[in-house]
Amino acid sequence: MGNEVTAIQVKGVEKAYKLYDKPSDRLKEALGLSRKKKYKEHYALKGVDLTIRQGETVGIIGTNGSGKSTILKIITGVLNPTAGEVTVNGRISALLELGAGFNMEYNGIENIYLNGTMIGFTKKEIDARMEDILSFADIGEYVNQPVKTYSSGMFVRLAFAVAINIDPEILIVDEALSVGDVFFQAKCYHKFEEFKKMGKTILFVSHDLSSISKYCDRVVLLNQGVKLGEGSPKEMIDAYKQVLVGQFPLPDENGHEFLADGKVSEAAARAGKKASLGENNGQEDLKGDMTVNPELLEYGTKEALIEEYDITDEAGRKTGAIIKGQSCSVHMTVRFFRDIHAPIFAFTIKNIKGVEITGTNTMVEKAFLEPVQAGSVKRITFTQKLDLQGGEYLLSLGVTGYENEDFKVYHRLYDVMNITVISDKDTVGYYDMNSVIQVTD
């Protein structure tokens with residue numbers, strides 16, 4: 001097996017959060033005024049074991065809310081576990097909250113010294129690394145300006161350059177390699193390769209399965225805070241895809257296994273599936289692993305209302321995670337409060353930087369050009385093959401129309417839901433052209 005020295009040992013780690021119905025319950029509990037338990041416990045991690053040997057590159061994958069970032073924060077000491085223990089052998093550099101230790105009033109150089117000192121370096125040691133940091137960040141004269149004047153791209157480049165050039169023995173990366181432009185990302189990956197060759201330990205969390213399969217020696221699959229398995233990248237990526245389409249046996253709290261296909265609704269509920277928005281007549285509508293934005297922006301005349309919405313995969317299961325290349329459907333239910341001559345139903349997908357990547361509406365598609373009456377309810381489904389690159393996206397929905405040449409917005413929900421595209425092959429740009437390639441003599 002080569003080097004058997006353990007770099008990171010995680011034993012039986014649990015992280016529970018107390019969820020209170022109202023702030024006053026939290027206060028009563030803190031003051032000892034409450035006899036009854038006023039909170040529900042939510043486990044972000046439940047009994048996770050993990051051993052990472054020196055020189056290994058280990059990936060952690062799983063859907064949103066599976067506990068990936070939580071375990072990284074516990075390993076780096078940002079969070080304390082509720083139970084279990086963590087042993088780390090070596091100096092860690094964590095690319096989690098990039099630039100968390102930066103002072104916005106200081107300039108770039110001062111922040112490099114500040115960060116280096118916090119990690120435990122002397123001024124002489126930081127001086128020795130200064131040239132490498134500055135050439136890696138490549139932000140020119142801005143390094144002498146206060147960090148508060150930086151664009152977000154420059155800020156991230158400098159933070160990344162500091163974290164990656166301080167000669168860590170263990171590098172911990174959480175989705176941070178998706179920063180900056182394509183050239184900067186390429187530079188980050190080259191550094192990654194260098195680290196691997198130098199025999200450093202790397203722990204890597206990403207939704208980009210092509211990077212996971214390319215760089216990792218071993219992969220750990222988490223789901224709802226439980227470790228489902230670990231093994232080769234191929235084995236675990238295949239298992240992850242099974243989880244996404246509900247075909248992987250998940251343990252319930254009694255240790256029994258069930259298929260995560262939504263048919264066993266009690267078991268799905270026990271596995272901590274999130275309930276949807278709205279009352280839905282008092283019934284819980286399980287939205288699977290869909291993440292609904294609690295701070296969504298909505299506006300419009302409200303003469304028509306989008307009452308329900310979700311995304312389903314090829315098999316009709318509600319989910320916020322879609323495998324690239326598969327078809328998915330965006331659904332919304334709209335209630336009308338007055339007669340409207342020709343409503344237009346629309347959806348848009350943006351990346352997390354706010355760039356509109358794609359979208360369509362019923363007028364463009366010539367799919368619905370009819371009047372509707374007050375009191376009627378329409379259910380709209382957009383079905384398409386999803387060839388977006390792997391990553392995080394935001395969905396917006398709208399119902400609009402034209403009245404006497406004027407454009408009217410009846411109801412619009414911006415960035416209402418998060419969509420994760422799971423991919424093990426990412427090409428350049430926003431979407432895959434599905435090129436067919438021939439090489440002949």
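Gln224 sits in the loop that joins β8 (218-223) and β9 (226-231). The model is predicted.

**Exercise 1. Describe how helices α3 and α4 pass each other.**

Step 1. Locate the helices. Helix α3 spans residues 108-119, and helix α4 spans residues 123-137.

Step 2. Read the geometry. The two axes come within 10 Å. They cross at roughly 130°.

Step 3. Name the arrangement. An angle over 145 degrees would count as roughly antiparallel, and 65 to 115 as roughly perpendicular. The pair α3 and α4 is therefore oblique.

Step 4. The crossing of α3 and α4 is right-handed.

Step 5. List the residues that meet. From α3 come Ile109, Ile112, Tyr113, Gly116 and Thr117. From α4 come Lys123, Ile126, Asp127, Met130, Ile133 and Leu134.

Step 6. Sort this α3 and α4 contact by class. Seven residues are nonpolar, two are polar and two are charged.

**Exercise 2. Now pair α4 with α5, and work out which residues make the contact.**

Step 1. Locate the partner. Helix α5 runs over residues 152-164.

Step 2. Read the geometry. The axes of α4 and α5 come within 8 Å and cross at roughly 145°. This crossing is right-handed.

Step 3. List the contact. Helix α4 brings Ile133, Phe136 and Ala137. Helix α5 brings Arg157, Leu158, Phe160, Ala161, Val162 and Ile164.

Step 4. Sort the α4 and α5 contact by class. Eight residues are nonpolar, none is polar and one is charged.

**Exercise 3. Find the largest cavity and say which helix gives the most to its lining.**

Step 1. Search the whole structure. One cavity of 30 Å³ or more turns up. The volume of the largest cavity is about 30 Å³.

Step 2. Read its lining. The residues are Ile112, Gly116, Phe121, Ile126, Arg129, Ile133 and Ile166.

Step 3. Sort the lining by class. Five residues are nonpolar, one is polar and one is charged.

Step 4. Assign the helices. Both α3 and α4 supply at least two lining residues each. Helix α4 gives the most, with three.

Step 5. Link back to Exercise 2. Ile112, Gly116, Ile126 and Ile133 line the cavity, and these four residues also take part in the contact of α3 with α4.

Note on methods:
Residues numbered from 1 in each chain as written. Predicted model: local features only at pLDDT ≥ 70, side-chain atom pairs only at ≥ 80, totals over all residues. Heavy atoms only, no water. Axes fitted to C-alpha atoms, helices over the stretch in contact; angles between N-to-C directions. Parallel < 35°, antiparallel > 145°, perpendicular 65-115°, else oblique. Left-handed = near helix turned anticlockwise from the far one by under 90°. Contact = heavy atoms within 4.5 Å. Nonpolar A, V, L, I, M, F, W, Y, C, P; charged D, E, K, R; others polar. 1 Å grid on protein atoms, 1.4 Å probe; cavity = no way out; pocket = protein on both sides within 12 Å on 5 of 7 lines; lining within 4 Å. Points joined across faces, edges and corners; volume = space filled by probe spheres on them.
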